[in-house]
Amino acid sequence: MSQQYPYPPQQPFQPPQAPQKSWAARNPAATVLIVLGGVVGAFFIFIVIIGLAVGGSSSDDKKPSEAGAAESSTPMKKPAVQPTKKAEEKPAEKPKPVPKKLSQADQFKAFVAKNGLAGEKEAVKHVTKVQGADEQNDILDTAEVHTDFSGGFMSSDNGKAKLIASAFADWKDSKNGLVSVHGKDGKLIANGNY
């Protein structure tokens, strides 16, 4: 004995429907034209507003030619106070000389001349140029001191270059500064922290 179970009637196979695209996705060219029209319209409105702001409007209801005629028909008034001869005869004051800003090298030399030790004063006489002393950010400050010394690390002027680096550290202060002393040939002679 077999019992038969009633099966539901079979329906024909229907593939799943794809989601319907939006109007903009179905018509990309029309979307681009609408966007461009909006941009051009906004630009035109912007130009009109700028034109009104720059051009302005006259508070008088006269035409420009009438306004010019009205201005020329009024007699010119004399100034209430006329300058006296004494004011005209007063000699012009001499302009004060503008103080010349010292170079970084001159500022460094002046500091060492005032505050340095005898050896530092003698060594700093050889300084020709200082770069980067006024550019500090306390992250990585680097300065270069150029001298008329020759040679590199092993030169006989290495001791004087170290004195210059020490004097520079007294002149400038930084959390993370490095000063390098170079010779006239550009070679590094000494360096130090400041």
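1. Thr142 touches Gln131, Gly132, Leu178 and Tyr194, leaving out residues up to four places away in sequence; contact here means heavy atoms within 4.5 Å. Thr142 belongs to strand S2, where strands (E, at least two residues) and helices (H or I, at least four) are DSSP runs numbered from the N terminus. With a relative accessible area of 45%, Thr142 is partly exposed; buried means under 20%, exposed over 50%, and partly exposed in between, with a 1.4 Å probe and protein chains only.

2. On the basis of the note: the model is predicted, so local features need pLDDT of at least 70 and side-chain atom pairs count only at pLDDT 80 or more, while totals for chains, interfaces and linings use all residues. Residues are numbered from 1 along each chain as its sequence is written, and side-chain values use heavy atoms, with hydrogens and water left out.

3. The overall layout comes next. The protein has seven helices and four strands, and from the N terminus on these elements run α-α-α-α-α-α-β-β-α-β-β. Of its 194 residues, 20% count as buried. Among contacts in the protein with a separation of 6 or more, 54% are between residues 24 or more positions apart.

4. How do S2 and S3 pair, in the parallel or the antiparallel sense? Strand S2 (residues 141-147) and S3 pair in the parallel sense, over six bridges; two strands count as paired if DSSP finds at least two bridges between them. Within this pairing Thr142 stands opposite Leu178 in S3. Thr142 and Val179, although 37 residues apart in sequence, have C-alpha atoms 5.7 Å apart in space.

5. S2, helix H7 (residues 158-171) and S3 form a right-handed β-α-β unit. Right-handed means that, with the strands pointing away from the viewer, the path from the first strand over the helix to the second runs clockwise.

6. Strand S3 also pairs with S4. S3 and strand S4 (residues 188-193) run antiparallel and are joined by five bridges. Leu178 has Asn193 as its bridge partner in S4, and Ser180 stands opposite Asn191 in S4. The hairpin of S3 and S4 has five residues between the strands, and in this hairpin Gly186 takes a positive phi near 90°.

7. Why is S3 described as largely enclosed by the rest of the structure? Five of the six residues of S3 (residues 177-182) are buried, so the strand is largely enclosed. As background, the side chains of a regular strand alternate between the two faces of the sheet.

8. Helix H7 has 14 residues and reaches 20 Å from its first C-alpha to its last, close to the 20 Å expected at 1.5 Å a residue; the expected span is 1.5 Å times one less than the number of residues. Its buried residues are Asn158, Ala161, Ile164, Ala165, Ala167, Phe168 and Trp171. What covers them includes H5, H6, S1, S2, S3 and S4. Asn158, in H7, counts as buried at 14% relative accessibility. Neighbours within four places in sequence aside, Asn158 is in contact with Phe153, Ile189 and Ala190.

9. Helix H5 (residues 104-115) includes Gln104. The 12 residues of H5 should span 16 Å at 1.5 Å a residue, and the end C-alpha atoms are 16 Å apart, which agrees. Which residues of H5 are buried? Gln104, Ala105, Phe108 and Val112 are buried in H5. These residues cover an arc of only 100° around the axis, taken from the directions from the helix axis to the C-beta atoms, which puts them on the same side of H5. The buried residues of H5 pack against helix H6 (118-124), strand S1 (127-131) and H7.

10. Gln104 itself deserves a separate entry. Gln104 counts as buried at 18% relative accessibility. Its side chain makes a polar contact with the side chain of Asp134 at 2.9 Å. A polar contact is a pair of N or O atoms within 3.5 Å; within protein, one must be able to donate a hydrogen and the other to accept it, and residues adjacent in sequence count only if both atoms are side-chain atoms. Beyond four places in sequence, Gln104 touches Val130, Gln131, Gly132, Ala133, Asp134 and Trp171.
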